[in-house]
Amino acid sequence: MENKSPLYFDKHVFCCQNIREPGDARGCCAEKGAVELRDYMKDKCKQLRLKKIRINSAGCLDRCELGPVMVIYPEGIWYHYRTKEDVDKIIESHLLNGIPVEELVLEPNRKRL
């Protein structure tokens with residue numbers, strides 16, 4: 001059967017919320033403020049009425065040393081972010097205007113900040 005319905009979401013944002021044991025050498029996104037920043041992003045997108053964008057919590061995205069991290073699909077662009085201002089830049093530039101925030105983009109093979 002052919003599916004003729006439109007896409008439910010235009011973009012999916014996966015924000016790592018992984019928690020590791022205290023003292024783990026890799027660290028984790030949760031200990032770096034990822035939960036609060038994801039909640040802020042979700043609230044901000046609701047305020048802006050961005051209905052075709054889904055902000056999701058994700059388990060480990062395996063870039064712990066660079067956290068907090070997120071990946072946005074369908075583009076497959078990875079970001080490192082630390083502040084609400086970083087989240088605002090990603091929303092304004094990438095989610096609203098389709099322009100990646102170059103200073104926050106993670107290169108595919110990057111292992112450390």
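**A helix across the strands**

Start by selecting residues 84-97: this is helix α2, which lies across β1, β2, β3 and β4. Line up its axis with β3 and you'll find the helix running at about 20 degrees to that strand. Keep in mind that you're looking at a predicted model.

Next, hide the helices and look at the strands. In what order do the four strands of the open sheet come? Reading across, you get β2-β1-β3-β4, and the pairing is mixed. Color β2 and β4 (77-80) and you've marked the edges, since each of these strands pairs on one side only. On average, neighbouring strands here are turned by 20 degrees against each other, direction ignored.

Now bring α1 back. This helix packs on the sheet, where it touches β1, β2 and β3 (69-73). Its direction makes about 165 degrees with that of β2.

Zoom in on β1 (residues 11-16) together with β2 (residues 53-58): six bridges join the two strands, in the parallel sense. To get from β1 to β2, trace the chain through α1 (residues 34-47); this β-α-β crossover is right-handed.

Pick K11 and its partner in β2, I53. Then click V13, whose bridge partner in β2 is I55.

Notes. Residues numbered from 1 in each chain as written. Predicted model: local features only at pLDDT ≥ 70, side-chain atom pairs only at ≥ 80, totals over all residues. Heavy atoms only, no water. Pairing = 2+ DSSP bridges. Right-handed = clockwise from strand over helix to strand, strands pointing away. Axes fitted to C-alpha atoms, helices over the stretch in contact; angles between N-to-C directions. Contact = heavy atoms within 4.5 Å.
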